[in-house]
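I opened the model today to look up a few things about its chains and how they meet. The entries below follow the order in which I checked them.

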Amino acid sequence: MIRLLAAASVAALFALLRLTTPSAVVLWVGLLGLALAAVAIAARWRWAATAAAVVFLVGYALALQLESRPVELGAALSFGLALVLLLGAVDLAARARGATVHGPVLGTTLARWIALGAGSFLAATLGMELAAALAGTLPARASPLLAAAGALGSVLILAALFRRAG
Amino acid sequence: MTARLTPLALSILAVTAWAVSLGVLAARPEPFLVALPSLLVLATLARRVPIPRCSIVHRISSDRLFEGGTTTVTVTVSARSPVALVELVGPLPPGAHLRSGRHRAVMTLRAGDAVEWRYDLRFPRRGVHDLGTIAVRVRDRLGLRTWEHRHVDPMAVRVYPRIVPLRSLPRPFHTQPSVGDYVSSELGEGIEPGDIRQFAPGDRIKHVNWRASLRLGQLYVTQRQRERNADVVLMLDTLAEVGVPPETTLDQGVRAAASLATAYLARKDRVGLITYGGVMSWVRPGSGATQYERLVDGLLRADVVFTYVAKDLLRVPPRVLSPQALVVAITPLLDRRFAKAVLDLAARGFDLVVLVVSPVEVTRAALAGSPTDDLACRLWALERRSELAELRRRGLPVLEWRPPEPLEAALVGGRRRRVRLASAG
């Protein structure tokens with residue numbers, strides 16, 4: 001049942017990729033991601049799930065570059081949630097390997113994922129509103145620098161969090 | 001309790017880093033939106049969360065078994081606070097097999113919940129197995145952090161060797177003063193009639209032989225033979241073994257030793273044990289149920305410890321290896337040092353019986369059964385036959401036991417021809 005959840009997330013990722021672009025290159029990237037995800041689900045290997053997630057992500061970025069569509073908040077958030085669900089489900093499947101499962105393990109995982117989805121949607125909506133408000137006031141030349149600084153800041157914050165938690 | 005980040009946290013971090021980098025490179029906002037759920041998950045690391053608390057109690061259905069027996073391990077987990085996910089790895093000692101259930105469990109608990117989980121373990125081989133440790137790993141809500149510890153509640157299961165009832169035992173030459181089952185040539189209190197003599201003052205009326213008295217016209221009394229016990233020392237060869245557990249030559253030897261000990265103790269004999277190998281240990285001869293426990297304790301721990309050193313039996317105290325004792329040497333005769341020790345004992349005048357556990361049959365049972373294996377086993381059997389003949393030629397009573405034939409058959413086949421005890425009393 002846990003692996004079925006992972007398989008559902010992989011199907012969603014592949015479908016989102018195909019809906020973004022019909023390009024053959026992206027299709028092949030998607031198939032590579034699908035193969036890696038199949039290995040991850042069958043063997044319950046976390047590294048394969050991470051690799052599949054990264055391949056899907058690269059495919060998605062490629063699809064966005066090829067299509068140059070307007071921003072689709074729902075699709076991008078669903079893609080991110082499906083990635084988190086894939087990683088979480090494969091991790092749970094690896095932990096439950098050869099073990100008896102007691103209690104609502106799958107139910108609580110799904111409930112947390114739904115809560116995460118709602119939180120992400122709220123945060124994304126607020127973020128988009130804020131970005132739209134700021135876009136008019138910021139100079140266009142500074143935006144790549146701001147994006148890079150934001151990304152670097154996020155990575156540094158994450159590194160600090162990991163250091164404290166680990 | 002050890003806290004650490006999980007592989008899931010690192011996976012999510014990797015995916016987030018890729019998404020953010022791709023967003024910068026592609027100059028598109030969507031990869032940042034893709035990274036948002038992952039960032040929200042990772043942001044929970046900033047919160048200091050209390051460690052989920054759960055208590056564990058475990059018990060086993062039986063702490064004493066015979067080989068092949070089963071015990072049930074029951075683990076009860078009670079949550080004092082909500083536990084998102086707890087992983088438990090119950091004890092599964094080497095050599096034990098899962099008969100039913102699983103020794104690993106994953107569970108989600110609400111505060112106050114108690115879950116009971118059980119599994120059955122089968123122990124095909126003798127030994128003392130530790131069942132007291134459970135590894136516990138508790139995860140936080142999103143699976144980014146774990147806390148690990150070991151729940152230790154010392155408990156062990158003792159697996160005794162299988163015992164077969166024996167009727168034909170090697171009889172000892174010498175007896176001891178205590179009461180036992182061997183009929184002595186000395187007259188005194190006993191059950192077996194020995195001789196008759198004329199009545200003398202002090203004789204008890206119940207000893208009068210009325211038939212002889214009426215025939216001879218005088219009072220005659222029946223004299224009885226005393227019944228004595230003997231000292232038996234089981235000497236187990238732990239220098240080398242062949243075969244696959246739980247059917248190695250040492251396992252078979254331990255079973256034979258346990259069966260002989262049980263049979264001799266039932267005859268009120270005093271039984272001792274010497275394990276002769278890399279580590280030499282002994283149990284003083286004694287009798288009764290407590291002595292059986294002591295002997296089995298020694299047998300449970302018997303194992304092959306490799307050594308180049310030949311141990312000297314002179315190190316064994318005379319209280320353990322008394323000159324009056326019957327020594328039953330149990331060996332596969334794989335190491336010449338044991339044969340030398342046995343010959344040394346025989347030369348010192350010990351009453352000795354050598355029970356040889358045939359390694360050929362044990363090895364043959366472990367092999368695939370190709371013609372080459374069969375030929376090698378037959379050649380080995382011929383070689384061993386000549387070795388045993390050499391020992392017999394030197395005056396050693398050698399009994400060969402070829403498992404899986406019954407031990408009784410080996411004991412009956414080589415029964416020593418002694419009608420009476422040579423030096424009873």
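I began with burial: of the 166 residues in chain A, 37% are buried. A residue is buried here if 20 or more other C-beta atoms lie within 10 Å of its own, exposed if 12 or fewer, and partly exposed in between, with C-beta atoms placed from the backbone.

I noted that this is a predicted model, in which local features need pLDDT of at least 70, side-chain atom pairs count only at pLDDT 80 or more, and totals for chains, interfaces and linings use all residues. Residues are numbered from 1 along each chain as its sequence is written, while chains are lettered from A and ligands numbered from 1 in the order in which they are written.

I then checked confidence, given as pLDDT (the predictor's confidence in each residue, from 0 to 100). Chain A has a mean of 88, with 99% of its residues at 70 or more.

Next I listed the elements, taken as DSSP runs numbered from the N terminus: helices are H or I of at least four residues, strands E of at least two. Chain A holds 6 helices and 1 strand, in the order α-α-α-α-β-α-α. I read the span of its C-alpha trace along the principal axes as about 60 × 45 × 25 Å.

I turned to the contact between the chains, where two residues count if their C-beta atoms, placed from the backbone, lie within 7 Å. Chain A puts in 51 residues and chain B 50 residues. On the chain A side, α3 (46-67), α4 (73-95), β1 (99-102), α5 (105-135) and α6 (143-165) each supply at least two residues. The most come from α4(A), with 12 residues.

Last, I followed the strands, which pair if DSSP finds at least two bridges between them. A:Ala99 has B:Arg104 as its bridge partner. Within chain B, β7(B) is also joined to strand β5(B), residues 83-89, by 5 bridges in the antiparallel sense. There I found B:Leu88 opposite B:Ala105. β5(B) pairs antiparallel with strand β10(B), residues 133-139, over 5 bridges. In that pairing, B:Glu87 is the bridge partner of B:Arg137.
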